[in-house]
Amino acid sequence: MNKKTTKLEAKELNAYYGDFHALKSINIAMEEKNVTAFIGPSGCGKSTFLRTFNRMNDYIDGFRTEGDILLDGRDIYAKDVRVDELRKEVGMVFQKPNPFPKSIFENVVYGLKIQGIKNKSVLEEAAEKSLRRSALWEEVKDKLNQSALALSGGQQQRLCIARALAISPSVLLMDEPASALDPLSTAKIEELIYELKSEYTIVIVTHNMQQAGRVSDHTAFFYMGELVEFSKTKTMFTSPQDNRTQNYITGRFG
Amino acid sequence: MPHIDVELEKLKTKLLEMWDLVEYQLQSGHDAMLQADQELAKQIIKRDRKVNQFDVKIDRMCENFFALFTPVAVDLRMVLAVLKINANLERIGDTAEGIARFVKKLDAPVSEPLLEMTKVVPMYEEAIAMFADCRVAFKTNDPVLAKTLIKRDRALDKIYRKSDTIVTKFMADNPEKISEALAVLSIIKKVERVGDQVTNIAEEIIFYREAKVVKHKQDKKKKKD
């Protein structure tokens, strides 16, 4: 078997919002083309941690980090790293679908146009490819020029995934991508994650433990800013090592 | 195929592999008995370890499946059935090993008249056939076929019930062949157990496909009488 290479890594990462110590000495290494789920109660730091991977926290007043975040072994907080370049590499999908008030087509190619790509056939090709990958193509191929806001919530979320994929990232960050969706749309998103992991490294924050079980290869449990346990999802859901993990996943917390 | 179906399919495939191995064990026990083949008997005993490895592996796969997929409805019944079928296959494996241990006590092939009188050979062959048909019922999700197996087990029970009288008489007539006769009687008892275990598996297949509990039905009838 091929040895998996590390795609994303945190070394002794500490993060602060002003005086609040949000992440405490986090060490973790996530494999390439793997799905890692972050679980933990609200306020445990999992979203903060997720957002450090594409520097979404940079503009929050008083936010600062210590330690390293490495993407392919490169420190993404290094001075010479351009955030827009980083975000081409690391795409993100949020909890609530957030399409732009534009057509379906314009939404998907938005990132490419910003990069200066104007060739229509290139854009069309990229749009179809991304929409196919996000399992939305069949549903929207005849109405690409209609407003994205007319799509259902589940379709909007898959559109946001297509938009993230269009700029060919290698990492996809997902912050509770299915929590605002009905069970059928959730199942579609989960199937999509399962398929996408052959090409992308995916990190997903979820409050739904069953979802973590179904979609992820590895799971990280956070509590009060600490990474309590990080292991294969199988191991975590059958024999967690830490009592706090056990209490959380069995719903006996506090 | 949805992820959950991929995993269910893996579980099913693993169980069918185990089924093949156990069938091979049973068939080898049959051949070893007829030839009093000591070498084959030894191999069967040794190979039981592989059956046990399947048992552990499938248990673990089921545990993981419950933990990761929290199955409901037909998926839940499927995994519950696989767990129980696994336990029964493991026991049938043990039964084959037990038969091999009795074969090791045979100095020469069992005498023809004893085989004839006890009907151990057709009984054993029917048990193997039932075991194979049960595999088909599981593989093709066929509860109707599974139900026929429960009925076929009665024929094995009948042969078993008559066997002690027959063997007792044979021993009285052939006192020099007592140990051979005892070995045959023990094998008959083992084969009867295989029939029961196949019945148990068939009941699990019916439970999985039709959500009906059919086990212990006969016990209830008996109590009424």
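Q: What does contact mean when the neighbours of Ile85(B) are listed?

A: Contact means heavy atoms within 4.5 Å. In this predicted model, local features need pLDDT of at least 70 and side-chain atom pairs count only at pLDDT 80 or more, whereas totals for chains, interfaces and linings use all residues. Side-chain values use heavy atoms, without hydrogens and water. Leaving out residues up to four places away in sequence, Ile85(B) touches Leu15(B), Trp19(B), Phe138(B), Ile201(B), Glu204(B) and Ile205(B).

Q: How many residues has the largest nonpolar core, and which have the most contacts inside it?

A: A nonpolar core is a set of buried Ala, Val, Leu, Ile, Met, Phe, Trp, Tyr and Cys residues joined through side-chain atoms within 4.5 Å. Buried means under 20% relative accessible area with a 1.4 Å probe, protein chains only. The largest such core has 97 residues, and Ile161(A), Trp19(B), Ile85(B), Leu89(B) and Phe138(B) have the most contacts inside it. Its largest share, 13 residues, comes from helix 7 of chain B, residues 178–210 (a helix is a DSSP run of H or I, at least four residues, numbered from the N terminus). Another core, of 28 residues, lies apart from it and includes Leu13(A), Val90(A), Met92(A) and Leu227(A).

Q: How many disulfides are there over all chains?

A: A disulfide is a covalent bond between the sulfur atoms of two cysteines. Here a pair counts if the sulfur atoms are within 2.5 Å, and the count over all chains is zero.

Conventions
Residues are numbered from 1 along each chain as its sequence is written. Chains are lettered from A and ligands numbered from 1 in the order in which they are written. Buried means under 20% relative accessible area, exposed over 50%, partly exposed in between (1.4 Å probe, protein chains only). Helices (H or I, at least four residues) and strands (E, at least two) are DSSP runs, numbered from the N terminus.
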